[in-house]
Amino acid sequence: MLMENKAENKAVFDAESAKEVVKELRDSFVTGKTKSHRWRVTQLKAMLKMLDENEPQIVAALRDDLSKPEFESSLYEIQMLKNSCRLALKEMNHWMMPEKAKTSLTTFPSSAEIVSEPLGVVLVISAWNYPFLLSLDPVVGAISAGNAIVLKPSEMAPASSSLIAKLVADYLDSSCIKVVEGAVPETSALLEQKWDKILYTGNGRVARIVMAAAAKHLTPVVLELGGKSPVIVDSNINLKVATRRIIAGKWGCNNGQACISPDYIITTKDYATKLVDSFKCELERFYGKDPLESKDLSRIVNSNHFDRLSKLMDEEKVSSKIVHGGQRNEKNLQIAPTIFLDVPVNSLIMKEEIFGPLLPIITVDKVEQSFDLIHSSGGKPLAAYLFTNNKKLKRKFVETVSAGGLVVNDTAVHLAIHSLPFGGVGESGMGSYHGKFSFDAFSHKKAVLYRGFAGDAFLRYPPYTPGKLTLLQALLSGSIVGIIRALLGWFWA
Ligand code: NAD
């Protein structure tokens, strides 16, 4: 029920309203409408049309919310979403097809298949840093799997949130796909309801609230979280290329406000100065002498995050370690790319996820010690990166570092590979999506076995005898010798 709040003359979205929304979607879902291939195709095509016809408005909303450069908005929000829609349109038929499964002698003669069925009515709760991509990419997966959907975009990117709500209502089937805007009260009202799946993107503290609410209804969750993603830099590399790729994944991704942005660097004491010089040179080339004047850097999302990042920079044992950058403009919520050398590992900046334009460099005597440092930090990050030409080091990296995803000799680009699952492990989340993994995340894999009436084995029926037991055990273990022995024993008995 939408109640009028007289003071603000604004509709309040409470638990009753949430219940009504879920009921409406469930009523639509049970008609079987969303299950049809045609409905899924129509919605995905409508989403493509929506993105095609509204690119300037989307770019403008992202500029309002984050001063996000048009280049990044076009590529990392709009183009990536279009790619997801196109891939789903191309592959969905194939994804939807039942998958043949092997059967065994035990049920001979029989055939089996795995049927993907939609879970039902699902909830997507999204974050502010890539408001379009993180809201609509899971929706693409949920549509292609045939679900009805409620999307709750982040209130921290208000222009994007209201544009998403308007566009989804204008272009998609509102009897099956709805956007609910709002903050904690609205999300809490939604979380009280029974969903068939929840995909949440955001921080670990709220993820715990989401998971606790989901547990009440035994609702499965995908949690897309973050963490401190390390970059190990060896010395035998193409330094210029490595530096540029780190910059692209850090400041070129929403000014470091991205879940897979490099959080800190580990390199050797001997190599650190060279690396810092290279950063200075390339950063100036990319963003000019005064990066606060650059149009190619997003601003910090709001004053709370500006203050949080300022606190990390201003900690006494950290502020003296700045070797590049450090400029800030509180009024415009801008912080320049800032590099720190050798901050203490017990400083705040090394304890929490930075999620902004600050990049500490930690030094070790030997590059192999980087692995211990990553392990001693405890958590499993969402991403980990290594720059090296050393085969042994690459192998050790892949074998020993546990993270949502690893990239060797680049940063952040694994996100664009739709054949790789995107998701975290441990503190960085659970479950994954992207490409077919999105379809799977919103599908139930139903096991189906087909039998006829022939070959009815009397063995499984009472009266139970030792002979029947021996033969069934042999059949279940699949041992031909055992079966022959059991049969011989049977006939000789
Ligand atoms: P946020 O503040 O936008 O919150 C995310 C969502 O949680 C929002 O929709 C918000 O309304 C909701 N929410 C907030 N408090 C709530 C509460 N008490 N109860 C219910 N819902 C609540 O985003 P954030 O958490 O600041 O996002 C940053 C974090 O997200 C970082 O840790 C980052 O690494 C992670 N992240 C992960 C991914 C990924 O794909 N793995 C992507 C982006 C961000």
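**View 1. Glu224 and Cys259 carry the UniProt annotation "active site" in an unreviewed entry.** The two residues are spread over 36 residues of sequence but cluster in space, with a largest C-alpha distance of 9.1 Å. UniProt positions follow the numbering used here, feature names are shortened, and annotations may be inferred rather than shown by experiment. The model is predicted: local features need pLDDT of at least 70, side-chain atom pairs count only at pLDDT 80 or more, and totals for chains, interfaces and linings use all residues. Residues are numbered from 1 along each chain as its sequence is written.

View 2. Strands (E, at least two residues) and helices (H or I, at least four) are DSSP runs numbered from the N terminus. Glu224 counts as buried because it has 26 C-beta neighbours inside 10 Å; a residue is buried with 20 or more other C-beta atoms within 10 Å of its own, exposed with 12 or fewer, and partly exposed in between, with C-beta atoms placed from the backbone. Leaving out residues up to four places away in sequence, Glu224 touches Tyr200, Thr201, Gly423, Gly424 and Gly429. Contact requires C-beta atoms, placed from the backbone, within 7 Å.

**View 3. The shell of 28 residues around the ligand.** Ser154, Gly202, Asn203, Gly226 and Cys259 are the closest. Helix H7 (184–191) and helix H8 (204–216) are the elements that give two or more residues to this shell, and H7 supplies the largest share, three residues. By class the shell holds 13 nonpolar, eleven polar and four charged residues; Ala, Val, Leu, Ile, Met, Phe, Trp, Tyr, Cys and Pro count as nonpolar, Asp, Glu, Lys and Arg as charged, and the others, Gly among them, as polar. The ligand lies between domain 1 (10–225 + 435–445) and domain 2 (230–422), because both give residues to the shell.

**View 4. Contact between domain 1 and domain 2.** Domain bounds come from an automatic or database domain assignment, which also gives domain 3 (457–492). In this view, 14 residues of domain 1 are in contact with 14 residues of domain 2. Helix H4 (residues 70–96) provides the largest share of the domain 1 side, three residues. That side divides into nine nonpolar, three polar and two charged residues.

Conventions:
Contact = placed C-beta atoms within 7 Å. Near = placed C-beta within 6 Å.
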